Amino acid sequence: KVIGWLASSSADVFSNAGVYVKHRDNAVEFVTMLTRSDPLSPLDYVEKIERKEIPIFADTLMVVLTDLLLIRNGVGEVANADIKDDLEKMAKGLANKALLAIISVASQIKRHAYLNVNLSLVLKSAAIRMHAYAGAS
């Protein structure tokens, strides 16, 4: 299943499995950091992402977050079926309301990628808001 805006990805990450898995693993690690009590861990992680890779990261993050939401709501088919067990464990720690809020913030990263703005700052701001939502679950 493909979400509409993913078709307009700034990179052809979805046609190269190795590249996709690398970015998917980064997105999974980022979501894991959102659920930790330390609000600086997601910010530290953001520092590791190269500016040119932020749009790709945003795309794969949205896929992972959508999978988490689907799992939370009992939908069996997810894009990342190979790591479904790990995603199920993560989904248990995030309430639907928190996931929806995090997805909303993550979608704003993609919108900013089309503008000529500092994506590192956008991602840092988003990470702070996402961490707050994850902690509220």
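**Ground rules.** I number residues from 1 along each chain as its sequence is written, and I leave hydrogens and water out, with side-chain values resting on heavy atoms. In this predicted model, local features need pLDDT of at least 70, side-chain atom pairs count only at pLDDT 80 or more, and totals for chains, interfaces and linings use all residues.

**Entry: α2 and α1.** I started with helix α1 (residues 17-34) and helix α2 (residues 40-48). Helices here are DSSP runs (H or I, at least four residues), numbered from the N terminus. I found the two packed at an angle of about 155 degrees, their axes 8 Å apart. Axes are lines fitted to C-alpha atoms over the stretch in contact, and angles run from 0 to 180 degrees between N-to-C directions. α1 and α2 are therefore roughly antiparallel, a label for angles over 145 degrees. On α1, the contact (heavy atoms within 4.5 Å) uses Asn 26, Glu 29, Phe 30, Met 33 and Leu 34. On α2, Ser 41, Pro 42, Tyr 45 and Val 46 take part.

**Entry: the rings.** Next I looked up aromatic pairs, and the structure holds two. Rings of Phe, Tyr and Trp (its six-membered ring) pair if their centres lie within 6.5 Å; planes under 30 degrees apart are stacked, over 60 edge-to-face and the rest tilted. Phe 30 and Tyr 45 make a tilted pair, with 6.2 Å between centres and 45 degrees between planes. Phe 30 belongs to α1 and Tyr 45 to α2, 15 residues apart. Phe 30 also pairs edge-to-face with Phe 57, at 5.3 Å centre to centre and 85 degrees between the planes. Phe 57 lies in helix α3 (residues 54-72), so this pair ties together parts 27 residues apart in sequence. I noted that Phe 30, Tyr 45 and Phe 57 are linked into a cluster by their ring pairs.

**Entry: what is buried in α2?** Which residues of α2 are buried? I listed Ser 41, Pro 42, Leu 43, Tyr 45 and Val 46. Buried means under 20% relative accessible area (1.4 Å probe, protein chains only). These residues pack against α1, α3 and α6 (119-135).

**Entry: α2 and α6.** Last, I checked α6: its axis and that of α2 come within 9 Å and cross at roughly 155 degrees. That makes α2 roughly antiparallel to α6. From α2, Pro 42, Leu 43, Val 46 and Glu 47 meet α6 residues, including Leu 123, Ile 128 and His 131.

Note on methods
Parallel < 35°, antiparallel > 145°, perpendicular 65-115°, else oblique. Buried < 20%, exposed > 50% of the residue type's maximum accessible area, 1.4 Å probe, protein only.
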